[in-house]
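Subject: Structure handover

Hello,

Please find the structure below, with notes on what was found in it. The notes go from the overall layout to single residues.

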Amino acid sequence: MRALGKSGSITQLLKTLGTLSPDERQTKGPLFNGLRERISTLISERKDDLEAAVLNARLATERVDVTLPALAALVGAVHPISQVMDELAEIFANLGFDVAEGPEIESDWHNFTALNIPPEHPARAMHDTFYFPADPAGERMLLRTHTSPVQVRTMLERKPPIRIVAPGRVYRCDSDATHTPMFHQIEGLVIDRDTHMGHLRWCLETFIKAFFEVDAVTTRFRPSFFPFTEPSAELDVQCSWEGGKLTVGQGESWLEILGCGMVHPKVIAACGLDPAEYQGFAFGCGIDRLAMLKYGMTDLRAFFDADLRWLRHYGFSFLDVPTLSGGIGA
Ligand code: DAH
């Protein structure tokens, strides 16, 4: 201000240039202008220094020690979906299943073709797929529409006997009260030499009893169709809605729980195994709906609203890890 402002000393000096003789202007002009430039550089340097000092002071006072122990009252809760995923992993671990994973950005081959859904198959249209732009070779990656590609990846990577579950996020271009564009599934896969549908039925009933924490369940297989299983079935579980409260296991109504079947020989062959030697079963189940059924939530969208009141109400303590002995839904 004092030097460069309207009536600042340098501004005044520069103004005198007009009154000088051409010769003097030749020498004084560059001198005064140089002076002005140096002063403005010094000012902006000083400004930068001061700003850095303010920032450093803030960083020093507002430092967070991430190693401090958390106060239970201040930390968040375990989301019901994470809780249910932990419960499922625990139940299946007790049945001898490993947890497998696959990428959410998947190739068309893993998500469809290897699962006996070739490019012209009508099942592709039902999947409402999110595609990425095609690469120069015309290949389009996609957001996986189900967890079934993890079956393919597991068979390609491991030797039988295989027993895995694969929980994770899946994506479909769909949104209303019962559909969100991102949701969760768990896939199961068993591949061995002499696996049959009886094993599948027992395995699923054991899982449902453990998950819903009941001693007995009555289930039924309804014939269905999936390109990657033959035969295919949907599993229903008896339930009752007495007094508006759902009880799973026995009752006059049926709940649809999941899709399943014997892995199609074409899928086994696409994954490099000999279908004459190996067979097995697979199942796929929506996790969000399982959570809603077990913990009594009514609107799927609330899962993803990040509403703290909802999370406090439905969330779980991170100290209550689900175990079969300690309680699955503790
Ligand atoms: N992938 C199917 C879907 O998202 C669910 C499914 C059905 C998975 C049957 C399976 C199965 O492994 O055997 O609709």
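The C-alpha centres of domain 1 and domain 2 are 70 Å apart. Domain 1 covers residues 9-61, and domain 2 covers 80-314. Please keep in mind that this is a predicted model. Glu 242 belongs to the loop that runs between strand 7 and strand 8 (247-248). With a relative accessible area of 66%, Glu 242 is exposed, because the cut-off for that class is over 50%.

Surface patches

The negative one consists of Glu 45, Asp 48, Asp 49 and Glu 51. Of these residues, Glu 45 is placed in helix 2 (residues 22-61). Its relative accessibility is 44%, so Glu 45 counts as partly exposed.

The other patch is nonpolar and has an area of about 250 Å². Ile 105, Phe 132 and Met 141 make up this patch. Met 141 is located in strand 3 (residues 141-143). The relative accessibility of Met 141 is 36%, which means that this residue is classed as partly exposed.

Salt bridges

Side chains of opposite charge can pair when their charged atoms come close. How many salt bridges does the structure hold? There are 15 salt bridges in the structure. Some of them are described here.

Lys 294 and Glu 87 form a salt bridge through their side chains, with an N to O distance of 2.7 Å. Lys 294 is in helix 9 and Glu 87 is in helix 3 (residues 80-94), so this pair ties together parts that lie 207 residues apart in sequence. Are the two partners, Lys 294 and Glu 87, buried or exposed? Both Lys 294 and Glu 87 are buried.

Arg 158 and Asp 98 also meet in a salt bridge, at 3.0 Å from N to O. Here Arg 158 sits in the loop between helix 6 and strand 4, while Asp 98 sits in strand 1 (residues 98-99), so the pair ties together parts that are 60 residues apart in sequence. Arg 158 has a relative accessibility of 32% and counts as partly exposed. Asp 98 has a relative accessibility of 40% and is likewise counted as partly exposed.

A further salt bridge lies within one helix. Arg 201 pairs with Glu 205, and their closest N and O atoms are 3.6 Å apart. Both residues are in helix 7 (residues 197-212), where a separation of 4 residues is about one turn of the helix. Arg 201 counts as partly exposed, at 28% relative accessibility.

There is also a network of salt bridges. Which residues does this network link? The residues linked in the network are Arg 220, Arg 222, Glu 234, Asp 236 and Glu 256.

Backbone

Most residues other than glycine have a negative phi, and most peptide bonds are trans. The following places depart from that.

A cis peptide bond joins Pro 160 to Pro 161, with omega at about 0 degrees. Pro 161 is in the loop between helix 6 (149-157) and strand 4 (162-171). Another cis peptide bond joins Glu 230 to Pro 231, and omega there is about -5 degrees. Pro 231 is part of strand 7 (residues 229-240).

As for phi, Asn 116 is not a glycine, yet its phi is positive, at about 65 degrees. Asn 116 is found in the loop between helix 4 (108-111) and helix 5 (123-126). The relative accessibility of Asn 116 is 18%, which is under 20%, so Asn 116 counts as buried.

Ala 306, also not a glycine, has a positive phi of about 55 degrees. Its place is in the loop between helix 9 (287-295) and helix 10 (308-314). Where Asn 116 is buried, Ala 306 is exposed, with 63% relative accessible area.

Regards

Definitions and conventions. Residues are numbered from 1 along each chain as its sequence is written. This is a predicted model: local features need pLDDT of at least 70, side-chain atom pairs count only at pLDDT 80 or more; totals for chains, interfaces and linings use all residues. Side-chain values use heavy atoms; hydrogens and water are left out. Patches are made of residues with over 30% relative accessible area and no salt bridge: like charges are joined within 9 Å, nonpolar side chains (Val, Leu, Ile, Met, Phe, Trp, Tyr) within 5 Å. Accessible areas come from the Shrake-Rupley method with a 1.4 Å probe; for residues, only the protein chains shown count as cover. A salt bridge is a side-chain nitrogen of Lys or Arg within 4 Å of a carboxyl oxygen of Asp or Glu. Lys and Arg count as positive and Asp and Glu as negative; His and the chain ends are not counted. The place of a charge is taken as NZ of Lys, CZ of Arg, CG of Asp or CD of Glu. Helices (H or I, at least four residues) and strands (E, at least two) are DSSP runs, numbered from the N terminus. Buried means under 20% relative accessible area, exposed over 50%, partly exposed in between (1.4 Å probe, protein chains only). Domain bounds come from an automatic or database domain assignment.
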